Amino acid sequence: SIIYGLIAGIVVSIPMLFSVNSLNNPNGIINFENSMLVGYASMLIAFSLVFVGIRNYRNHYNNGVITFWKAFKTGFTIVFIASTIYVLAWLIDFFYFIPEFTEKYAEHILSNLKASGASQAVIDQKTREMADFSAMYRNPFFNALITYTEILPVGIVVTLISSLILRKKAAAPEKQTT
């Protein structure tokens, strides 16, 4: 589980770091609209290792048998390790390389509101919300919690599906006839 979690963590973190750091390039192919798509697609690709990890455990270490709960615990371990690597990568990137991220995101949201014809009252309210969020997001603990909420639910859904598909009960012992 640890190896699969480490690999999944690297697989999900590299595209996130690339896409978030590409947002500064106005001519780049990654923007605020499609960066979320890139992020969630990379999560699904990384979490395919949950399925592989559960199947590997079932077939090589558990004699081809695994209960739903054992499969879920195995998958969740992979997901938690991968998610923690993702969160740590984000925290390092945010605090050391792109500390202006929330301001740029707020600017993007507000320009979209203005372009859509939102009233000044709505724009002012959103400006206050974004400023409050930006201040809270500077707290590493709050930042980490928010980042976990991006990735953990995806991993838990993949773990549930994989556990349901891969669960396999031991064959019932054959009755001996005398």
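The questions and answers that follow concern a predicted model.

Q: What makes Phe32 and Phe101 a link between parts of the chain?
A: Phe32 lies in helix H2 and Phe101 in helix H4, so their pair ties together parts that are 69 residues apart in sequence.

Q: Are Phe32 and Phe101 buried or exposed, and how do you know?
A: Buried means under 20% relative accessible area; Phe32 is at 18% and therefore counts as buried, and Phe101, at 18%, counts as buried too.

Q: Why is the pair of Phe68 and Trp69 given the name edge-to-face?
A: The ring centres of Phe68 and Trp69 are 5.0 Å apart and their planes are at 80°; the angle for edge-to-face is over 60 degrees, and the pair is classed as edge-to-face. Phe68 has a relative accessible area of 16%, so Phe68 is buried, whereas Trp69 has 61% and is therefore exposed.

Q: Which residues are linked by ring pairs into a cluster?
A: The cluster is made of Phe32, Trp90, Phe94, Phe95, Phe101, Tyr105, Phe133, Tyr137 and Phe142.

Q: Which residues of H4 are buried, and against what do they pack?
A: Phe101, Thr102, Ala106, His108, Leu110 and Leu113 are the buried residues of H4. These buried residues pack against H1, H2, H3 and H5. Just after H4, Gly117 takes a positive phi of about 85°.

Q: What makes Arg138 and Glu103 a salt bridge?
A: A search of the whole structure finds two salt bridges. The closest N and O atoms of Arg138 and Glu103 are 2.9 Å apart, and the limit is 4 Å, so the pair qualifies as a salt bridge. Arg138 lies in the loop between H5 and H6 and Glu103 in helix H4, so the pair ties together parts that are 35 residues apart in sequence.

Q: What makes Glu129 and Lys126 a salt bridge, and where do they lie?
A: The N to O distance between the side chains of Glu129 and Lys126 is 3.3 Å, which falls within the limit of 4 Å and therefore meets the definition. Glu129 and Lys126 both lie in helix H5, three residues apart, about one turn of the helix. An α-helix has 3.6 residues a turn, so residues three or four places apart point the same way. Glu129 is partly exposed at 37%, and Lys126 counts as partly exposed at 27%.

Q: Why is Asp93 called buried, and which residues is Asp93 in contact with?
A: Asp93, in helix H3, has 5% relative accessibility, and because buried means under 20%, Asp93 counts as buried. Leaving aside its neighbours within four places in sequence, Asp93 is in contact with Leu17, Val20, Asn21 and Ile98.

Q: Why does Asn63 count as exposed, and what is its phi?
A: Exposed means over 50%, and Asn63 is at 76%, so Asn63 counts as exposed. Asn63 is in the loop between H2 and H3, and its phi is near 55°, a positive value in a residue other than glycine.

Q: Which residues make the nonpolar surface patch, and how do you know that Ile3 is exposed?
A: The patch, of about 540 Å², is made by Ile2, Ile3, Leu6, Ile7, Val11 and Ile45. Helix H1 gives the most to the patch, with five residues. Ile3 is in helix H1, and at 56% relative accessibility, above the 50% cut-off, Ile3 therefore counts as exposed.

How values were computed
Residues numbered from 1 in each chain as written. Predicted model: local features only at pLDDT ≥ 70, side-chain atom pairs only at ≥ 80, totals over all residues. Heavy atoms only, no water. Patch = residues over 30% accessible without salt bridge, like charges linked within 9 Å, V, L, I, M, F, W, Y side chains within 5 Å. Areas by Shrake-Rupley, 256 points an atom, 1.4 Å probe, with all protein chains shown as cover. Helix = DSSP H or I, 4+ residues; strand = E, 2+ residues; numbered from the N terminus. Buried < 20%, exposed > 50% of the residue type's maximum accessible area, 1.4 Å probe, protein only. Contact = heavy atoms within 4.5 Å. Phe/Tyr/Trp six-rings, centres within 6.5 Å; stacked < 30°, edge-to-face > 60°.
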